[in-house]
Structure formats: structure tokens, C-alpha cells
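Dear colleague,

My notes on its strands and helices follow.

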Amino acid sequence: MGLRLLHTADIHLDWLYEKFLPEARAKRRAEIRERFARLVDLAIERQVAAVLIAGDFFHGEGIAETTLNFCRHQLERLNAQGIWTLIATGNHDPLAAAYWRRQFPERVKIFSGEDWEVFHQLPGVEILGLSFLTDRRDRRVLASLPAGTGGAVRIAVVHSQILEGPAEPDYYPITEHEVVQSGLDYLALGHVHRPRAWYWGRTRVVYPGSSSRLTFKDAEARGVHLLQIEDGQLREERLELPDREFRTLELDLTRGVDGVYQAIDAVGDTGLCLRVRLSGLVEDGAEFLCDGIIRDFAGRFFHLEVEDQTVLLPGAEETGATVKGLFLKNIARRLADPALTDRERQALRYALYYGLTALKGVGRK
Ligand SMILES: [Mn+2]
């Protein structure tokens, strides 16, 4: 049956969920731990030889003792089945963190060298790993990849950022060109919480994404990658894992307070984390409404938060012959055009929003 591996990353045990109320926060953190236990179940069910964790296993320094004990128990379950856990740490759980100095089960390998280490314990595959070193965060890690010994499938595990566009090269940057040159069969990445995957040259490049939803940006389904190595060939499939939904409801206040309440009321799923984002031009500040929504609906959902992105319309006295007044009149005249597309209307709202921000204080007599 060949040999199987499971690739995950960004588990972020003890993620803060800062905006959650204490009870929901504790419950959600327990769900992240449970997710890791399910990954361990999956590894055992699928009889994998090793679990690869590409960084940010832990969220930060202040990991609860109960979380560490829980982890140890899960790693022991893998160990007892003869399954390795290979960990390259990330920027959230750098090697300097105290918990890495603990005793781990025998079949846990934490890549802790200054340079790539090669793990040779499994037949037919070479697994290279490098942990994140904070003081060398801008190094070009693929440039120092050791040459292969030939014959084996080559996999590298690292917490890295793919350099695209003008991003700061801050987290072990790698480029498509470097990946193509690497000759790797599979690059097991962590860092980006959104699942992404490419074929670059002969290399399969995978960010499995964070194993649980951590923020409202995490819309896509969560999952892990199962690798199968047989006769020197590598096949890979993504296994999706159900997770609590994080949904954003965009509501324009120009539909009125009743409309906003009806829209929130119509959200049937009470188990989700809901973010209500209020937008639109308003004559009065929306703070009261935000507080009211929290008061009236917070008990209905697992978690609820309201983001106020409304723009306050200036009073009539401000539409005089000032720069701001002329600007407002101009935008108002254009917004009144019934032939506007949604896109054009949105662009005008942005113009108004940014224009008012830029003109803040200017034009007041
Ligand atoms: Mn992360």
C-alpha cells in the first residue's frame, strides 16, 4: 500500500479569539483542541507513517498547561501507533518558546537546526525540515536546500511566505522560480491560513490552511492533505473537515433600522460566528444601533460582533460654498443618477468616504 503522510499547519492552539465573550472563547478554543484530536484520529485511521506540521502549532507564548498536556496525550496516541510527528515551527511558535524544551514522545521530531535537517527514518522518502528562526526571518530558505541523494521522493516542511507582489520578504520568503529549481516533489508549507495549492515545475506546493477557522477571513472549508507515496510516485488529496461557520453580513443602513434587524433575524443558523458590517451614509452616528444589535441578538448566535463602517453625512450648514460643500454637492448630484450601476455607486461612496476623510477639518468656517 506504499506509505502515507498527513500534512497540516497553522493549528494555532490557544488562539485568542479576543472579541469573543469568555464562555464562547473557551468553547471555541476547546474546538481547536478537538480538531487536533480529530486529525490524530484521521492519521490513525488512514495508517499514515507521519504527520507533518508546518508551523504555528501553538498560537503563542501563553499556552495553557491543560493545552500542553492535551497535546502531549495526542502525540502519545500517534507514538503508540508507530506514527511520527514531524514539526517545523512557525513565527507564532518559534524554537525559543519554553514549551519546546519539554519532553515529547519518542516519535516526535522537532526540526531544531540552524539549517535544513533531513529525516531518513521512512523508506522511499526524504523529508527535509527547517523551523522558523525569528532572527533570520528574511533568509532565502530554498537556496540552502541540501541536494538529494537520489531515488527517494523529496518533501520539504517549512513555515514560509510565497513572495508575490510588493510584500515584505519577512517570513522565509520563497519564489516560484526557487521552487522550480528545488526539484522537490512536495513542498509542505504553513503560514497562509487560506488553503492554496499549485504545481510549479515538478513540485506540488501546498498551504493546507489553518486547520480551524480563526478569523472572519477564513471563509473556505478547512482541511488537511493526505499524501500517498508508492513506487517512487507521489499522489495527494485534500480531505475537508467540517468546522463552525464564520459569516459576514454586509448591511447598508440606507435600508433602515428595521431592514437591518430583519436581515439579522433571518439568519437561521444560531451556531455560527456572525459579523454584521454596517455601511452606508447616515445622518446620525450608528453607535446606538451597534449597541442595540449586540443587546438584542448576542444570545442568538455562538458569537456576534458588529463593525461600524457607516459614513456620517455632514449637516446642511456644511453644504455651503466651501471645498467640502462643493464636493458633497457634486457627489450627491452624481449619486442621484438612476442609471448608475452598483459598481459606480460603490465607487462614489468610496470617493465620498475618502474625500470626507481627507477634507476633515478643511472647509469649516
Ligand atoms: Mn499561522
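In what follows, a helix axis is a line fitted to C-alpha atoms over the stretch in contact, and angles run from 0 to 180 degrees between N-to-C directions. Please bear in mind that this is a predicted model.

On that basis, the axes of helix 1 (residues 22–45) and helix 2 (residues 65–80) come within 10 Å and cross at roughly 5°. Angles under 35 degrees count as roughly parallel, so helix 1 is roughly parallel to helix 2. Helix 1 contributes Arg-33, Phe-36, Ala-37, Val-40 and Ala-43 to the contact, and helix 2 contributes Thr-67, Phe-70, Gln-74, Arg-77 and Leu-78. Sorted by class, this contact of helix 1 with helix 2 holds 6 nonpolar, 2 polar and 2 charged residues.

Turning to the strands, strand 2 (residues 50–54) has 5 of its 5 residues buried, so it is largely enclosed by the rest of the structure. In a regular strand, side chains alternate between the two faces of the sheet. Here Ala-50, Leu-52 and Ala-54 point one way from strand 2, while Val-51 and Ile-53 point the other way.

Strand 2 pairs in the parallel sense with strand 1 (residues 3–8) over 4 bridges, and Leu-5 stands opposite Ala-50. The chain passes from strand 1 through helix 1 to strand 2 in a right-handed β-α-β crossover. Strand 2 also pairs in the parallel sense with strand 3 (residues 84–88), over 5 bridges; there, Ala-88 is the bridge partner of Ala-54. Strand 2, helix 2 and strand 3 likewise form a right-handed β-α-β unit.

With kind regards

Technical notes. Residues numbered from 1 in each chain as written. Predicted model: local features only at pLDDT ≥ 70, side-chain atom pairs only at ≥ 80, totals over all residues. Buried ≥ 20, exposed ≤ 12 C-beta atoms within 10 Å, placed from the backbone. Helix = DSSP H or I, 4+ residues; strand = E, 2+ residues; numbered from the N terminus. Pairing = 2+ DSSP bridges. Right-handed = clockwise from strand over helix to strand, strands pointing away. Parallel < 35°, antiparallel > 145°, perpendicular 65-115°, else oblique. Contact = placed C-beta atoms within 7 Å. Nonpolar A, V, L, I, M, F, W, Y, C, P; charged D, E, K, R; others polar.
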